[in-house]
Structures are given as structure tokens and as C-alpha cells.
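Here's a quick briefing to read with the model open beside you. Have a look first, then work through the points by topic.

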Amino acid sequence: MSAETTEPIDTTDEVDAWAIRRRVADLSWPALVEMMLVSFVGVADMIMVGRLGPAAIAAVGLSNQPMFFILAVFQALNVGTTALVARFIGAQERGEANRVAEQSFFVTLLIGILLSVGSYAATPWIIGAMGAEPDAKPLGIDYLQIVSLGIVFTAVSMCLASSLRGAGNTKTPMKVNIMTNLVNCAGNYVLIYGKLGLPAFGVAGAAMATTLSRIVACIAFLFVMQSRDSLIRLGSVRSFRVRLDLLRRMLQIGFPSAIEQFILRGGQLTYVRIVAGLGTVVLASHQIGMNILSLSFMPGMAFSIAATTLVGQELGAGRASAAEKSAAETRRMGMLVSGAMAVVLFFGGARIASLYTSDPVVIQQAAMVLRVIGLVQPAQSTQFILAGGLRGAGDTKWPLYSTFIGVWGVRVVVGYVFVTFFHLGLLGAWMGMALDQLIRSFVIYTRFRKGDWKAVTV
């Protein structure tokens with residue numbers, strides 16, 4: 001599996017829009033496939049356990065939210081790694097880019113081991129705190145304990161992928177995720193339903209397949225990063241030296257993004273608890289909606305990766321104007337994709353929901369949720385892509401501010417008021433989510449247009 005990269009555009013302030021579009025396409029389509037495949041692990045789990053009933057859907061959904069919260073711990077290193085690697089590659093300092101990747105890897109490995117053990121031990125308390133109903137609670141405990149064992153492998157894979165993306169290599173993470181998704185889907189089929197002579201493990205089988213696929217991904221990334229063909233490589237353990245200067249720079253860039261993720265995931269946990277009080281059937285509909293919402297994030301996240309890499313490399317090469325035009329062009333391309341997705345989600349909600357369950361009540365409510373998701377696609381795409389551009393510049397505080405305002409000031413508050421006081425049920429909760437996306441888009445767009453991010457030093 002060879003590593004590939006592309007060089008920064010050799011340009012002045014007069015930037016060829018078609019050159020930018022080709023560069024965005026080269027970076028974003030592998031990232032889009034990769035993100036879709038990463039998300040598809042959760043989608044496949046939810047679809048395949050959905051045949052076991054609403055309680056199984058609720059259990060997997062309740063387990064995924066705390067898992068996302070735990071993985072947010074690594075956001076500071078991942079964002080800092082991508083931004084610094086991009087700067088060093090843009091400045092033609094490959095050796096320093098490798099040192100950044102090494103520091104990030106060893107710190108992630110250590111923290112990942114500690115969190116895997118801690119999460120496994122705390123699982124019964126976590127699922128109880130999520131407000132699971134009695135029919136979903138034991139299934140959620142089984143699922144979360146098993147996937148907790150894979151936290152270290154997931155974290156290392158995310159870390160190594162962030163180094164490759166900073167160098168402009170988005171194809172290798174895509175290839176790795178194609179392979180691991182095949183492992184996950186095959187494992188689901190065998191372990192959930194009991195094929196090839198094995199017992200049917202049900203929800204626990206989905207967790208086993210997910211963990212196995214994450215182990216395979218980690219091994220594949222380590223193999224790539226040891227390859228002589230890779231632009232970014234890990235040195236041997238013997239040659240490793242702690243570089244506090246690089247760690248400080250990574251954390252300085254990434255710390256606001258880590259706080260942003262904690263705010264986001266904490267808000268989502270609270271949001272799920274609000275919905276959990278409406279019962280298992282409504283919660284199952286909500287989890288299907290959240291599952292599709294995570295899938296709808298993927299185009300925005302893919303173009304966001306392109307924006308981060310382009311802005312970081314162009315600023316590293318001293319081309320601020322090219323960085324701004326690259327981010328703006330990336331947003332235009334992303335909006336076309338998000339517009340098409342909006343149409344599919346708005347008009348095809350019932351058909352999509354029926355892939356998860358045959359329960360007519362769950363399908364009806366999930367279809368309503370998917371129409372809401374469709375309406376906010378343009379705003380969602382804007383805030384993802386331009387926030388990626390800001391992170392590539394090292395301006396990570398404004399994405400943090402927008403997340404705090406949108407998630408806690410709007411989604412949680414509005415959702416709680418609409419559900420508790422206006423009794424709007426699931427629709428009220430998702431109206432809060434829609435307003436959150438609109439507010440965050442406005443904040444990020446305003447910051448990008450102001451242009452102060454061009455002067456940020458990292």
C-alpha cells in the first residue's frame with residue numbers, strides 16, 4: 001500500500017481556480033470515501049443490529065455517544081499534528097514533519113492504553129448514566145465493554161491518519177478504511193447472526209466485529225508508516241526522543257479543538273439524555289437519525305480535510321492569498337455535494353429509515369428527522385469546511401467558540417425547552433439541532449470573511 005502526496009500549488013496571488021479545484025478534488029475524494037467508510041462502521045452496526053429490535057438500536061446508539069466523548073481526548077494531538085505536518089511539508093522540512101508524527105504517535109499510544117482499561121471498567125456506570133431503559137441497558141453494557149478494548153487501536157489509527165493527511169496523502173487512509181470496513185461487515189454477519197458454526201452473539205457480536213476491524217486498521221497504518229515509500233515515516237523506538245517544543249506547538253494548536261470536541265460531545269450526551277426520557281421506541285428513531293446525521297457529515301468533513309491541508313501548506317509556503325482562495329473554492333465545491341445530499345435526505349427519508357428497521361412507528365419518526373437533516377445540509381457544510389480552513393491556519397479558537405454557542409446555547413437549551421415545556425417530542429429536539437447548525441455556520445463564516453486567521457503563527 002504505497003503512500004501518495006501532492007505538492008503545494010506553485011502560484012502567486014493570482015490563483016488559477018481550476019488548479020485549486022483539481023487540488024481540492026485530489027485531496028477530498030479519497031477523504032470523502034474514507035470518512036464515509038469510517039461512518040459506515042457505525043451505520044453497518046446499526047442496520048444489522050436493527051433487525052434485533054428497537055432495544056438493540058437504542059443500546060448501540062447509547063454506547064456510541066460516550067465512545068465519541070472518550071475519543072475527543074485525542075483531538076488536540078490530531079489537529080495539531082495535521083496542521084504542523086502541513087506547515088513543515090509546505091516549508092520543505094520533511095525531517096521535522098516526521099518528528100511531529102513520532103511525538104503524536106507515542107503520546108497517543110500511552111493515553112490510548114489508559115483509556116481502554118478505564119473505559120472498560122467504568123462501562124456499567126456510563127450506560128446507567130446515559131439513562132438507558134431496562135430493556136436496553138444490559139445490551140449497551142455488553143457492546144460498550146467490548147468496543148472499549150479497541151480504543152487504543154482506534155486512537156493510534158486516527159493519529160497516523162492525521163499525519164498522512166497533513167502531508168497531503170488522503171488516499172492511504174481511504175484504502176485502509178476500505179479494507180477494515182470489509183472486515184467489519186463480514187464480522188457483523190458472522191458474529192451477530194451466528195454463521196460458520198459460531199453462536200449468534202447479537203449486539204455483542206457487532207461490538208466484536210467493530211473492535212476487530214479497528215485492530216486491522218491500526219496494523220495497516222503502522223505498516224504504511226514504516227514503508228520507505230511513505231513521505232511521512234515513524235522512526236524506530238530506539239531513536240525516539242521526546243521533543244517538548246513540538247509537543248507544545250501541537251497542543252497549542254490543537255487544545256482549543258480538543259475543548260471544542262468535549263463541548264460538542266458533552267452537549268450530545270446531554271441531548272441524548274433528553275430524548276432518552278421519551279422512551280425506547282422514540283430513542284431508536286433518534287439514534288437512526290443520529291446515525292444518518294453522522295453519515296451526512298462526511299462530505300463536509302472530507303472537504304474540511306482538504307481545506308485544512310491546503311490552507312496549512314499555502315501559509316507554510318508564505319502564500320496567504322492562495323490559502324484564502326483555496327478555502328473559498330473548497331467551500332463552493334462542498335456546497336454542491338451537500339445540496340445533492342439534502343434532496344436525497346428530504347425526499348427519501350422513509351426508504352432510508354426502512355433499511356434499519358421494519359417497525360412502522362420508528363420509520364415514520366426517523367423519516368421526519370431525516371427531513372430536518374436535509375434542510376440544514378448547506379449550513380452544516382459551510383461550518384465544517386471553513387472551520388477546517390481555520391484549523392489549517394492554526395486559528396482553532398473560533399471553531400471552539402461556535403461549537404459552545406451552537407451546541408450548549410442552542411441545541412441543548414432549545415431541545416430541552418421544546419421537549420419539556422412545549423411537548424413537541426422528537427421534532428422539538430431536532431429543531432434545536434437545526435438551529436445549532438445555522439448559528440455555528442454564521443459564526444464560522446463571519447470569522448473566515450474577516451481574515452484575521454491569515455496572521456496566526458504556529
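The charged end of Arg411 sits over the ring of Tyr271, 5.3 Å from the ring centre. A charge counts as over a ring if NZ of Lys or CZ of Arg is within 6 Å of the ring centre and within 35 degrees of the ring normal. Arg21 does likewise with Trp18, lying over its face at 4.6 Å from the ring centre.

Bear in mind that this is a predicted model: local features need pLDDT of at least 70, side-chain atom pairs count only at pLDDT 80 or more, and totals for chains, interfaces and linings use all residues. Residues are numbered from 1 along each chain as its sequence is written, and side-chain values use heavy atoms, with hydrogens and water left out.

**Aromatic pairs**

- The whole structure holds nine aromatic pairs, where rings of Phe, Tyr and Trp (its six-membered ring) pair if their centres lie within 6.5 Å; planes under 30 degrees apart are stacked, over 60 edge-to-face, and the rest tilted.
- Phe346 and Phe347 make an edge-to-face pair, because their planes stand at 75°, with the ring centres 5.0 Å apart.
- Phe346 is partly exposed at 31% relative accessible area, while Phe347 is exposed at 68%; buried means under 20%, exposed over 50%, and partly exposed in between (1.4 Å probe, protein chains only).
- Phe448 and Trp453 are a stacked pair, 5.3 Å centre to centre with 10° between the planes, and both residues are buried.

**Cysteines**

- How many disulfides are there? The count is zero, taking a disulfide as a pair of cysteine sulfur atoms within 2.5 Å.
- Cys218 isn't in a disulfide either, with the nearest cysteine sulfur, that of Cys159, 9.5 Å away.
- Cys185 is partly exposed at 26% relative accessible area, whereas Cys218 is buried at 6%.

**The chain as a whole**

- DSSP gives the protein chain 16 helices and zero strands, counted as runs of H or I (at least four residues) and of E (at least two).
- Along the principal axes, the C-alpha atoms fill a box of roughly 60 × 45 × 35 Å.
- Of the 458 residues, 60% count as buried.
- Among contacts (heavy atoms within 4.5 Å) between residues at least 6 apart in sequence, 83% join residues at least 24 apart.
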